[in-house]
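I opened the model to look up its layout, one part after another. These are my notes.

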Amino acid sequence: MTDEEFYKEALGVLRDAESYLLSLIGQYRDSSPIISCKSRIKSAQSMVEKLERQGFEITLQSALEKVYDAVGIRIICGFVDDVYHVSEWLENCSGIEIIHRKDYIAYPKPNGYRSLHLCLRIREGTAAGTLAEIQIRTMAIDFWATLEHKLKYKHKIPHEDLIRRELKRCADEIAATDMSMQTIRDMLADENF
Amino acid sequence: MKLLLAEDEKSLSNALVTILEKNHYSVDAVYDGAAALEYLAANVYDGAILDVMMPKADGITVLKTLRREGNMIPVIILTARSDIADKVNGLDSGANDYLAKPFDSRELLARIRTMIRVQNPPDEKVMQTGNIQLNPETLELSSESSSFRLAGKEFQMMEILMTNPDSLIETDYFMEKVWGSDCGEEKQVVWVYISFLRKKLKALHANIRIADVDRKGYRLVTV
């Protein structure tokens with residue numbers, strides 16, 4: 001099924017939502033800027049799979065109302081503190097309403113995944129009412145996530161336990177480096193240093 | 001656990017083999033020094049029991065040969081009760097322990113257990129202070145919510161702090177233990193590593209923290 005067949009006339013609204021959020025994020029100004037920002041509309045195929053997995057009806061309505069990430073934005077930052085600054089800034093934007101915030105940096109998933117997720121509803125413009133998800137993470141963790149993501153789509157993983165354990169160890173090591181980098185940046189910013 | 005027994009008195013050897021096997025050791029028995037060296041070269045043992053007085057090569061010669069070749073296998077030598085010179089000579093030649101004949105088999109078993117225990121210290125245990133755990137095997141610092149893998153020196157510092165909770169640990173002590181007394185490193189490095197650890201403890205929602213003590217050092221305290 002193509003995206004047009006599944007999303008029908010809603011596809012235009014989803015695209016509006018995507019560009020609304022991208023232009024909103026474009027307004028973020030900080031001495032430590034966002035490194036990159038990616039977006040996507042969830043493909044019809046992965047949307048159907050997700051609805052099935054979560055036990056929802058396979059309809060356009062569930063895709064738009066039950067699942068938050070038909071529109072998905074990913075923001076990559078340099079440092080851990082930047083992730084929280086961007087998140088705070090977004091939480092204070094009047095054009096969007098944050099429905100919930102999941103802090104997987106403070107409380108990582110068992111596999112070691114670390115990101116900050118904001119589930120939101122757009123309040124204004126042609127996409128008003130549309131749900132979306134924004135993921136914010138550090139560059140280092142994004143690097144880790146690219147490999148972890150590959151496991152999800154691999155049906156047979158040789159020595160799976162070992163691989164998952166080692167990947168978790170890498171996540172803990174990367175997160176530790178992120179923390180040390182943040183500590184050094186704080187030291188450099190400290191006038192008493 | 002596999003042991004080599006070199007004892008030329010057949011009846012004593014047979015009795016010891018029976019006792020050792022009953023205690024779940026597997027035992028190779030040989031009756032002279034040359035055979036002992038041959039077996040020790042060809043197999044891997046967890047320990048060896050060598051009688052001093054043996055034909056072909058005596059126990060001390062076997063022991064010296066092993067050590068000269070770099071074989072550090074734990075060794076107990078069996079000596080005659082009166083012979084202090086044998087005991088001293090045996091220990092100086094690299095024996096881990098000695099036992100004077102006649103001996104009680106229970107004592108021999110206890111000495112074997114000690115010898116093997118010293119050789120294989122028990123696995124290092126996971127340390128816990130407050131809601132924080134430190135795993136020496138994986139270098140993992142963790143709480144219920146998250147975990148980090150520490151760099152080597154961070155781990156060593158955290159280990160010192162967690163083994164001495166609530167005690168003042170002076171900066172000089174960290175320098176000496178972690179960096180070595182003449183490493184030429186500035187003392188600031190201790191503060192840098194303390195800062196790394198503090199940040200991580202905070203991110204783990206720790207209920208312990210590293211407090212400054214009058215510019216002298218640090219103390220791990222419960223919040």
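I began with burial: a residue is buried if 20 or more other C-beta atoms lie within 10 Å of its own, exposed if 12 or fewer, and partly exposed in between, with C-beta atoms placed from the backbone. By that rule 29% of the 193 residues of chain A count as buried.

I noted the source next. This is a predicted model, in which local features need pLDDT of at least 70, side-chain atom pairs count only at pLDDT 80 or more, and totals for chains, interfaces and linings use all residues. Residues are numbered from 1 along each chain as its sequence is written, while chains are lettered from A and ligands numbered from 1 in the order in which they are written.

**Chain A, overall**

I looked up the secondary structure of chain A and found seven helices and five strands. Helices (H or I, at least four residues) and strands (E, at least two) are DSSP runs, numbered from the N terminus. Along the sequence the pattern reads α-α-β-α-α-β-α-β-β-β-α-α. The C-alpha trace of chain A spans about 60 × 45 × 20 Å along its principal axes.

I then checked contacts, where two residues count if their C-beta atoms, placed from the backbone, lie within 7 Å. Among contacts in chain A between residues at least 6 apart in sequence, 66% join residues at least 24 apart.

**The sheet of chain A**

In which order do the five strands of the open sheet in chain A stand? I read the order as β1-β2-β5-β4-β3, with mixed pairing. Two strands pair if DSSP finds at least two bridges between them. β1 (36-41) and β3 (96-103) of chain A stand at the edges with a single partner strand each, so one side of each has no neighbour in the sheet. Neighbouring strands of this sheet are turned by 20° against each other on average, direction ignored.

Strand β4 (residues 116-122) of chain A pairs with strand β5 (residues 131-138) of chain A in the antiparallel sense, over six bridges. A:His117 has A:Gln135 as its bridge partner in β5(A), and A:Cys119 has A:Glu133. β2(A) and β5(A) run parallel and are joined by six bridges. There, A:Ile76 has A:Arg137 as its bridge partner in β5(A).

Why is β5(A) largely enclosed by the rest of the structure? Eight of the eight residues of β5(A) are buried, so the strand is largely enclosed. In a regular strand the side chains alternate between the two faces of the sheet. I listed both faces of β5(A): A:Leu131, A:Glu133, A:Gln135 and A:Arg137 are buried on one side, and A:Ala132, A:Ile134, A:Ile136 and A:Thr138 are buried on the other.

Helix α2 (residues 10-25) of chain A lies across β1, β2 (71-77), β4 and β5 of chain A, at about 170° to β1(A). Helix α5 (residues 80-91) of chain A lies across β2, β3, β4 and β5 of chain A, at about 155° to β5(A). For these angles, axes are lines fitted to C-alpha atoms, for helices over the stretch in contact, and the values run from 0 to 180 degrees between N-to-C directions.

**Chain B**

I found an open sheet of three strands in chain B, ordered β10-β12-β11 with antiparallel pairing. Its edge strands are β10 (169-170) and β11 (208-213) of chain B, each pairing on one side only. β10(B) pairs with strand β12 (residues 217-222) of chain B over two bridges. In β12(B), the bridge partner of B:Ile169 is B:Tyr218. α8(B) lies across β11 and β12 of chain B, at about 150° to β11(B).

**Cores and contact**

I looked up the nonpolar cores, sets of buried Ala, Val, Leu, Ile, Met, Phe, Trp, Tyr and Cys residues joined through C-beta atoms within 7 Å. The largest has 62 residues, and A:Ala17, A:Ala132, A:Ile134 and B:Met158 have the most contacts inside it. Helix α8 (residues 188-203) of chain B provides the largest share of this core, seven residues. A second, separate core of 29 residues includes B:Leu4, B:Val30, B:Leu37 and B:Leu50.

Last, I checked where the chains touch: the contact takes 12 residues from chain B and 13 residues from chain A. α8(B) gives the most to the side of chain B that touches chain A, with five residues.
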